[in-house]
Amino acid sequence: MNKKKLEHYKEILLERRLELSADLQRQSERGLDQDRSDAMDTIDQADSSVAADLNLTRREMITQQIRDIDIALEKIKREEFGVCESCGEDIPEGRLKARPNAIYCIQCKDEIEKRGNLK
Ligand SMILES: [Zn+2]
């Protein structure tokens, strides 16, 4: 991948990272009570532990995405961006366009998901 493309993806990733961090910040600032009543509006279950779990899962999801982006940015620095972390093959550009923080090719991602190591 050439430098121009790397720069392009870097910009997208940095922007996405900012959005996710802001989102994460909002999630923490709202506090548990707020999250609880919010979640209860959307799910038809008066179980606060379920609601709290949902909130945690959302935060975990964002944290995971930020982690992926950090790895992708690190790969850009090493000029290895677009190469699968697992098998070393090129990740198809269509996939990178749809998901710039993808660090695995589709085959490896499927494998990892099947093993249950990736959320
Ligand atoms: Zn792979």
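1. Confidence first. In this predicted model, helix α2 (residues 31-42) has the lowest confidence, at a mean pLDDT of 54, and α1 the highest, at 94. Here pLDDT is the predictor's confidence in each residue, on a scale from 0 to 100. Across the protein the average is 84, and 80% of the residues score at least 70. Where pLDDT is low, the predicted coordinates should not be read in detail.

2. Ground rules. Residues are numbered from 1 along each chain as its sequence is written. As the model is predicted, local features need pLDDT of at least 70 and side-chain atom pairs count only at pLDDT 80 or more, while totals for chains, interfaces and linings use all residues.

3. Overall layout. You'll find 5 helices and 0 strands, giving the pattern α-α-α-α-α along the sequence. Both kinds of element are DSSP runs numbered from the N terminus: helices are H or I with at least four residues, strands are E with at least two. Of the 119 residues, 13% count as buried. Buried means 20 or more other C-beta atoms within 10 Å of the residue's own, exposed means 12 or fewer, and partly exposed is in between, with C-beta atoms placed from the backbone.

4. The core. The largest nonpolar core has 10 residues, among them Tyr9, Leu13, Ile69, Phe81 and Tyr104. The elements giving it two or more residues are α1 and α3 (48-77), and α3 supplies the largest share, 3 residues. Such a core is a set of buried Ala, Val, Leu, Ile, Met, Phe, Trp, Tyr and Cys residues joined through C-beta atoms within 7 Å.

5. Arg16 and Ile69. Arg16 sits in helix α1 (residues 3-29). It is partly exposed because 17 other C-beta atoms lie within 10 Å. Leaving out residues up to four places away in sequence, Arg16 touches Ile69 and Asn101; contact means C-beta atoms, placed from the backbone, within 7 Å. Arg16 and Ile69 are 53 residues apart in sequence, yet 8.2 Å apart in space, C-alpha to C-alpha.

6. A backbone spot to check. Glu79 lies in the loop between α3 and α4 (93-98), and its phi is positive, near 60°. Most residues other than glycine have a negative phi. Glu79 counts as exposed because it has 12 C-beta neighbours inside 10 Å.

7. Helix α5 (residues 106-115) is hardly covered, with 0 buried residues among its 10. Gly116 follows α5 and has a positive phi, near 80°.

Terms used:
Contact = placed C-beta atoms within 7 Å.
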